[in-house]
Amino acid sequence: MAWGRRKSLSYNTMPDRDPSAYDPQSVERRWQQRWEERGTNRTDVAGAARPFFNLMMFPYPSAEGLHVGNVFAFVGADIQGRYRRLTGADVFEPLGFDAFGIHSENFALKVGTHPAELIPRNIERFRGQLKRIGLMSDWRYEVQTTDPRYYKWTQWIFLQLYRAGLAVKRRAAVNWCPACKTVLANEQVINGYCERHPDVKVEQRMLDQWFFTISSYAQRLLDHLETADWSHSTRTIQTNWIGRSDGAELIFETPAGRRITVFTTRADTVFGATYLVLAPEHPLVAELTTAEQRTDVNAYRRRVSAMDLVSRKVGDKAKTGVFTGSYARNPATGETVPIWIADYVLMEYGTGAIMAVPAHDERDFEFATAMKLPVVRVVAGPGQDAAAPLAAAEPDVPDGRLVNSPGYDGMPWAEAQRAITAALAAKGLGKAVVNYRLHDWCISRQRYWGPPIPIIYCDACGTVPVPEQDLPVVLPALEDFRPDDSGVSPLARVEGWYRVPCPRCGKPARRETDVSDTFLDSAWYFLRYPSADRDDVAFDPELTRKWLPVASYIGGNEHAVLHLMYARFVTMALHDLGLVGFEEPFSRFRAHGTIVKDGAKMSKSRGNVVNPDAYVDQWGADTFRMYLMFLGPYQDGGDFRDAGISGIRRFLDKVWTLTGAVAQTAQGGTAAPELTRMMHRTIQRVTADTESLSYNTAIAAMMEYVNALREGAPTAALLEPLAILLAPYAPHFAEECWERLGHATSVMDARWPSFDAALALADEIELVVQVNGKVRARLRTARGTGQEAAVKAALADATVAKFTAGAQPKKVVFVPDRLVNIVV
Ligand SMILES: [Zn+2]
Ligand SMILES: [Zn+2]
């Protein structure tokens, strides 16, 4: 707003702006310009002595611009990077853009603009937004997955995995979205519907697809999780997704001599297996089906083939199935049991056949009830009647021992599991095995906007990898890139592109026309960053040794099973090929939380999406950054409310005024001892909290300190450490304060202040806690602890809790640093 116009607004009761007041826009403009000029954010990638690779999940540059969720993630990571730099590390904090993939392509189709035109525009806008937020990124190392200089190496990675036998093409039942017109990974199917098309049911199709055999790495992926310095939540999600189950394969023979192998995790219940269920796709179904049952079986199989894999796994739907007409012998009881087919059994899990134990499996119980099949209890707890009928399945029987299992009755079930497996193995009717839920990664997509898979098919030579010196296989510019129902990529319509001579024999051959999954682009981008300026290698060995594995990676748990699993797998594969010296790419991973707006999930339809630009315009990047970090524990997230942001601004205004006063009077002098103690205590708290990503409490500690300084006599010695503590959180603001305090260099070149632990401890006081006027506890708390924190600490004390008995305080009497009296 122009100065003259403001003057003319006579009704404006706001006082005229104090020219010495904090003006975030000018401060932030000035420092961003200086950082650029001085190269403040540049990392000496080749020469760094104490490398610290600070990674954040590079964004997909959508047309909507940067999302506040991105800002929340990046600022949290940036704070970590700046903190490490201030403690002496050489921090490398690059950013890039994950711009291939179906999101970009679908959007381009919607607005009728080619993605090759849209993406550069989106990236331009994103980069501008990211710079405004004040990230410490070294933009010289930006990567774009859509750049041929990048995807040349994505294709090279494919070839390395192909060379290792980890990339294979095979015909498989895959999820097909009729709207996307491409296959989807299991992870992209939500309850039977496409994740991008919530009203489009996913179908099953048999197609030739490229797979990375990640399942052969399942155990290693699982083992490393045990010791990984990763968020517990992320490790749990990955562990469950890999889904190891220890069990046994048991053999049920048919009278005709066919051996049906079933996988079970409960061999101890084999005496209760009253029927078998095969997946409708099981190869033995046709042979086992009797003439009378053929019509029903075929009709059922047709119906199931129209369903997707994921909705078949949904447990609570009504059970359906058909009897094949055949029987098999239970290897334990010797009795014959009927063989059924049902959609709840999947070919992908185990052997595609199960022994059904309705007494101890919920789905089997439902199925047996619906089909009127026998239910036999084989595990009973103390006092349970072995003959009593079951009202429901009992999968877990506490202190269960075997019943109705001749030779094993009375044996604890875990012991019986081993004993029965061993006994059947001795008869050639079983063996102990391990199974995983993790399936191979289908990486081919029948779409346009991705790197072409570098393979050529020759009638004489078969499948021929594109020679490395011929990379990249450039994605041709295609006017009409719409997908169709044919099950092949739009590239298959461009004869001039796919007809090539065979690299081996020179005869006419054709290129693979599928492109690779966008998750392959992001499965290795961290390896590229330090070598982003190199065209001769994907990643330079020496730089890779210096910077990787990544020291700190921060991102969302929505990527726990896709990106994070794939990146680990690709790294392990490259390690096994001798191309990198480590097996795990990320030494430390922390999952950040999510933020909501006014208590509700942000969404376009609700109209409650926080637009970062509007807030940066109004409040400045520093206030916005700090407010996002103050919403709650960073790893939990928080609730964004417009009313809250002014509190952060008032805090920064206070610091501004304090530094201004000190700068003007050149206040040296001796600091009051209680303020010195509090300074040490504040440094201690902010150090510990910043290191552990407890950003909200670090900010609270700085606020308490500033309030104390305002009441006492601030000196430069008390304010200088504060400017450094603030630098990770409000970098432009901290630079300005640092300069006002008389420094000519960047605050980012300062050293993180140290603290005297004894002095910090002396800043603790004894707080007397009363309940209804009677002394019940004495707590050690920080001097200057506010009422809210004091009451919280008091209520958390075990003795106090006994006297309040969970009741909410009716009244609180608070004498700072002395006493809190809770009236209940
Ligand atoms: Zn779809
Ligand atoms: Zn050939």
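1. Four donors count as tetrahedral if all angles lie between 85 and 135 degrees. The model is predicted: local features need pLDDT of at least 70, side-chain atom pairs count only at pLDDT 80 or more, and totals for chains, interfaces and linings use all residues. Residues are numbered from 1 along each chain as its sequence is written, ligands are numbered from 1 in the order in which they are written, and side-chain values use heavy atoms, with hydrogens and water left out.

2. Donors here are N, O and S atoms within 2.8 Å of the metal (3.2 Å for Na, K and Ca); water is not among the atoms, so sites may look incomplete. Cys502 is buried at 3% relative accessibility, whereas Cys505, at 35%, is partly exposed. Buried means under 20% relative accessible area, exposed over 50%, and partly exposed in between (1.4 Å probe, protein chains only).

3. The zinc ion (ligand 1) is coordinated at 2.0 to 2.3 Å by Cys177 (SG), Cys180 (SG), Cys194 (SG) and His197 (ND1). This site is also tetrahedral, its four donor atoms making angles of 103 to 114°. The donor spacing is C-x2-C-x13-C-x2-H. Cys177 lies in strand β5 (residues 167–177) and His197 in the loop between β8 (193–194) and β9 (203–212), so the pair ties together parts 20 residues apart in sequence. Cys177 is buried, at 0% relative accessibility. Helices (H or I, at least four residues) and strands (E, at least two) are DSSP runs, numbered from the N terminus.

4. Strand β5 belongs to an open sheet of four strands, ordered β6-β5-β9-β20, with antiparallel pairing. Two strands pair if DSSP finds at least two bridges between them. β6 (182–184) and β20 (441–442) are at the edges with a single partner strand each, so one side of each is left without a neighbour in the sheet. β5 and β6 are joined by three bridges, and Trp176 stands opposite Val183 in β6.

5. The largest cavity has a volume of about 30 Å³. A cavity is a set of points, on a 1 Å grid over the protein atoms alone, where a 1.4 Å probe fits but cannot get out; lining residues have an atom within 4 Å of a point. The volume is the space filled by probe spheres set on the points. Tyr60, Ala63, Ser104, Phe107, Leu118, Ile119 and Asn122 line the largest cavity. The largest share of this lining, three residues, comes from α5.

Methods: Four donors count as tetrahedral if all angles lie between 85 and 135 degrees; four count as square planar and six as octahedral if opposite donors are over 155 degrees apart and all others between 65 and 115; anything else is irregular. On a 1 Å grid over the protein atoms alone, a cavity is a set of points where a 1.4 Å probe fits but cannot get out, and a pocket is an open set with protein on both sides within 12 Å along at least five of seven lines; lining residues have an atom within 4 Å of a point.
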